[in-house]
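Trainee: I'd like to learn how to read a structure like this one, feature by feature. Can you walk me through it?

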Amino acid sequence: SDHMENIYGYLMKYTNLVTGWQYRFFVLNNDAGLLEYFVNEQSRHLKPRGTLQLAGAVISPSDEDSHTFTVNAASGEQYKLRATDAKERQHWVSRLQICTQHHTEAIGKNNPPLKSRSFSLASQGSANSPGVQRRPSQNAVSFFNVGHHRLPTGKRVPIMQPDHLVDVREMMSQAEGQQRELIRSIECLPVSGHLTSLDQDLLMLKATSMATMNCLSDCFHILQLQHASQQKGSLPAGTTISWLEPKISLANHFKNGAAQNFPAEINKPASVREEQSIAEPCQLTREPEEINPDEELEDICDDKEDDLGAVEEQRSVILHLLSQLKLGMDLTRVVLPTFILEKRSLLEMYADFMSHPDLFVAITNGTTPEERMIRFVEYYLTSFHEGRKGAIAKKPYNPIIGETFHCSWRMPKSDVATDAGSNFSAHSPSEQVTLSKDLEGQTELDYYTVKFVAEQVSHHPPVSGFYAECAERKMCVNAHIWTKSKFLGMSIGVTMVGEGLLSLLEHGEEYTFSLPCAYARSILTVPWVELGGKVNINCAKTGYSASINFHTKPFYGGKLHRVTGEVKHNTTNTVVCRVQGEWNSVLEFTYSNGETKYVDLTKMSVTRKRVRPLEKQGPYESRRLWQHVTESLRDGDIDKATEHKRALEERQRNEERLRAETETPWCTKYFLKEGDGWVYHKPLWKTVSAVQTQQTDTN
């Protein structure tokens, strides 16, 4: 009640595609439970232009940005509003939610709804009482008494009116409370005996109940839209009904499980003892190592992640893990089971985004700033398809601090486009492999070399730095990425925080860019990957920019993996290129001259990276570091892979503890901290600048 204050002020309100956003003066009337708006503050004494009843409404901050939020009334009407900043949005959202809750509860007390269904344990006795003992024939589902209240036969269900939606909302609130009691009852069960808190059926019930509540909330929103369509006619053409972010607060439903205690490991394999006994960082050289590309051999590994066998066999482990997670929980410090891992490190995954080096080198061949920006966008959009290994969503290894990955690519100079419109190689994948083999006999002048190095520069937060360069073409890219993972119910979201910088030294141009978010969907069935979010590419010198949207699939209608974007000249506000399609299938590029180009990513050639053999790699290089985990995963030995993985993680914790005790800071090998980012210690722009200075001094 202390926060039940009337607030007012200007907000932007979205009207329609024609009118767009308009400033309106809003007033929150707490006593009446109304949100009203006027044309301006001066007309406040007149009749409001619009009014929303807040009882039964849903207030939802938007994912579009930090300023936007929506008010979904029980009548089906919706206001899409935008504050001036994140702080003001939070102020409005919190006050609206308090007012909504107050008036919804008041209506519920005055109009008691019908009871929906009740969950009760068969016995309320102690954990050791006979009532809790389950008979062998009694399964976990029958252990719960689920009562359904049915309407009398012969009575027709009337069409639900808007005021009945308030009853629905109240029923959902009851279901929310019942679900909390259900979770609490399961967690109070003993860990051993006939019926335990780890029973597979109970874990399934516990893990899916939160998703069920979120689904009910989304269905409630759809009912609101249906009522709106009944009142105003059919929904506009092209309207899609999207999944909303979870609106039901389940923060206290799940408790973080205590760390699992594993029995002492007996007779560890020699490889595990080797992993635990690798010298401490202070005993390893931290001097940067120059990798000779001639020592690298064409990679023959082809680990596609299309096998669901391990996931199917370990479903009870997934359920147990999900039952301990809370909605929105940061997964950075959560140890995930080994069987969901890809057979590569995150650092190598970043390298696989460079699998079209011919397109990368072709960027600097653009004859105009416009063409170079378009070529960069074309390369950027073609990089994600090969970065994913297979259709199944699996997670790369979390890099150990100090871990590095090196590789390079070689491509014939004839494969690199020089003129506009020939940006994409026409070679088939089989022809590309033959070309790679033919390179072995060519002289250095016949091909370009792109070098790549990545390093895990921080553990908390987990930050990776990577750098690639083509010295012959005087171009390089430097990036630092911080991966933030969150639990979203039946999916996991990964945000790529950070920035990349492409430098074209021949033209004196720098392009800044970011990466989209990634989502692992349907983690209880067949997990798959989806990209989402808006990314921007900018070149301050030329005034060209690109805006790219990775669209997540709506709940109703729409396509998977859709991407749209445009390249614009900011000075003249002219769009010079538009793109649409799917980031893992076919892309359509339309240029300002009217020409259109289609690119089938599934048929594009892939240049295999070149990697040093394991015996020539250092102990902290990705493939050597994770080799025993990778081998065990290939053999399908999950237990052995888990043992090797645990040994690496234990060693990292011991090293971190030792550094904390001795107050020894961690020293990176290839990347230096500059402001909020990380920069390669010897970037090409410094080397080229030093050579030019030396030549000037000589002359």
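**Charges, strands and cores**

Mentor: Let's start with Glu509, which is buried at a relative accessible area of 3%. Keep in mind that this is a predicted model.

Trainee: What does Glu509 form a salt bridge with?

Mentor: The general idea first: side chains of opposite charge can pair when their charged atoms come close. Here, Glu509 forms a salt bridge with Arg372, and the closest N and O atoms are 2.6 Å apart. Glu509 sits in strand β18 (residues 509–513) and Arg372 in helix α9 (residues 369–387), so the pair links distant parts of the chain, 137 residues apart. Arg372 is buried too, with a relative accessible area of 5%.

Trainee: How many salt bridges does a search of the whole structure find?

Mentor: The search finds 20. One of them joins Arg410 and Asp294, with the closest N and O atoms 2.8 Å apart. Arg410 lies in strand β13, while Asp294 is in the loop between α4 (270–277) and β10 (297–298), so this pair ties together parts that are 116 residues apart in sequence.

Trainee: Are Arg410 and Asp294 buried or exposed?

Mentor: One of each. Anything under 20% relative accessible area is buried and anything over 50% is exposed. Arg410 has 10%, so it is buried, whereas Asp294, at 57%, counts as exposed.

Trainee: Which residues do salt bridges that share partners join into one network?

Mentor: Asp299, Glu342, Arg344, Glu348, Asp352, Lys609 and Arg623. Asp352 is in helix α7 (residues 346–352) and Lys609 in the loop between β25 (596–600) and β26 (610–611), 257 residues apart. Both Asp352 and Lys609 are buried.

Trainee: Let's move to strands. How should I read one?

Mentor: In a regular strand the side chains alternate between the two faces of the sheet. Then check burial: in strand β11 (residues 341–345), 5 of the 5 residues are buried, so β11 is largely enclosed by the rest of the structure. Next, look for partners. β11 runs parallel to strand β12 (residues 395–397), joined by 2 bridges, and Leu341 stands opposite Lys395 in β12.

Trainee: Which strands does β20 pair with?

Mentor: Strand β20 (residues 528–539) pairs with β18 in the antiparallel sense over 2 bridges, with Phe513 opposite Ile537. Strand β19 (residues 517–521) also runs antiparallel to β20, through 5 bridges, and there Cys517 has Gly532 as its bridge partner. Finally, 7 bridges join β20 to the antiparallel strand β21 (residues 544–551), where Cys539 stands opposite Tyr544.

Trainee: How many residues lie between β20 and β21 in their hairpin?

Mentor: There are 4, and Gly543 in that turn has a positive phi of about 80°.

Trainee: What about the nonpolar core?

Mentor: Look for how many residues it has and who makes the contacts. The largest nonpolar core has 65 residues, and Phe360, Tyr380, Leu381, Phe452 and Phe550 have the most contacts inside it. Its largest share, 8 residues, comes from α9. Beyond its neighbours up to four places away in sequence, Tyr380 touches residues including Phe513, Ile537 and Phe550. A second, separate core has 20 residues, among them Leu28 and Trp92.

Note on methods
Residues numbered from 1 in each chain as written. Predicted model: local features only at pLDDT ≥ 70, side-chain atom pairs only at ≥ 80, totals over all residues. Heavy atoms only, no water. Salt bridge = Lys/Arg side-chain N within 4 Å of Asp/Glu carboxyl O. Buried < 20%, exposed > 50% of the residue type's maximum accessible area, 1.4 Å probe, protein only. Pairing = 2+ DSSP bridges. Core = buried A, V, L, I, M, F, W, Y, C linked by side-chain atoms within 4.5 Å. Contact = heavy atoms within 4.5 Å.
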